[in-house]
Every structure is written in structure tokens, then in C-alpha cells.
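Please look through the sequence and the model shown here before reading on. The report that follows takes up the overall layout, then charged side chains, and then one further residue.

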Amino acid sequence: EDRCQDCSKRPLSLGETWHPEHFVCSVCKMELCTTGFFEREGRPYCAKDYHDEFAPRGGTQGVTRVTFTA
């Protein structure tokens, strides 16, 4: 049975199961379960923080965004 990697409650991404309120941006802690996210080295980021931290200056070429679909 899948359990959250943070609190062990039942229920989401990065190959693991997460309780929605614990699946948050590694920088700002915004919940990511409904917004899509970016991943780097196994850590989730919201779009703003990912781009602030890792995007090449002058554009987003080569950046992959992960989104959730219902």
C-alpha cells in the first residue's frame, strides 16, 4: 500500500507517493499537486523557483515542465 514519503499517510510524484499537502516546492513550500512542477535531482520546484534557480539566463530552452492531468 502506497504511503506519503513525508508523513506516511495514504496519498503522488517523482516515482514516490506523497500526501498532497506534503508535495511542495523545495524552495517556497507551495503545494504542487494541482499546479504542475519542475524536477531537478529528485526535488520538486514550482515554475518560478525552478527558473530562478536553474534556467539559463535569456530563456527556457531545454527546460521540461511536468504537469498533472485529470
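## Overall layout

The secondary structure of this protein amounts to 1 helix and 2 strands, where helices (H or I, at least four residues) and strands (E, at least two) are DSSP runs numbered from the N terminus. Followed along the sequence, these elements give the pattern β-β-α. The model is a predicted one, in which local features need pLDDT of at least 70 and side-chain atom pairs count only at pLDDT 80 or more, while totals for chains, interfaces and linings use all residues. Residues are numbered from 1 along each chain as its sequence is written, and side-chain values use heavy atoms, with hydrogens and water left out.

Of the 70 residues in the protein, 29% are buried; here buried means under 20% relative accessible area, exposed means over 50%, and partly exposed lies in between (1.4 Å probe, protein chains only). The protein exposes about 4,900 Å², and carbon and sulfur atoms supply 45% of that area, as computed by the Shrake-Rupley method with a 1.4 Å probe, for which, in the case of residues, only the protein chains shown count as cover.

## The salt bridge

Side chains of opposite charge can pair when their charged atoms come close. The structure holds 1 salt bridge, a term for a side-chain nitrogen of Lys or Arg within 4 Å of a carboxyl oxygen of Asp or Glu. Asp52 forms a salt bridge with Lys48, and their closest N and O atoms are 2.6 Å apart.

Because Asp52 and Lys48 are 4 residues apart in helix α1 (residues 47-54), about one helical turn separates them. Asp52 counts as partly exposed, at 41% relative accessibility, whereas Lys48 is exposed, with a relative accessible area of 55%.

## A buried charged residue

Asp49 is also found in helix α1. Is Asp49 buried or exposed? Asp49 is buried and yet has no salt bridge, the nearest side chain of opposite charge being Lys48, 4.1 Å away; in this count Lys and Arg are positive and Asp and Glu negative, while His and the chain ends are not counted.

A polar atom of the Asp49 side chain lies 3.4 Å from the backbone nitrogen of Cys28. Leaving out residues up to four places away in sequence, Asp49 touches Cys25, Val27 and Cys28, where contact means heavy atoms within 4.5 Å.

## Val24

Val24 lies in the segment before β1 (38-40) and, at 18% relative accessibility, counts as buried. Apart from its neighbours within four places in sequence, Val24 is in contact with Lys29, Met30, Glu31, Leu32 and Pro44.

Definitions and conventions. Polar contact = N/O pair within 3.5 Å; in protein donor to acceptor, adjacent residues only side chain to side chain.
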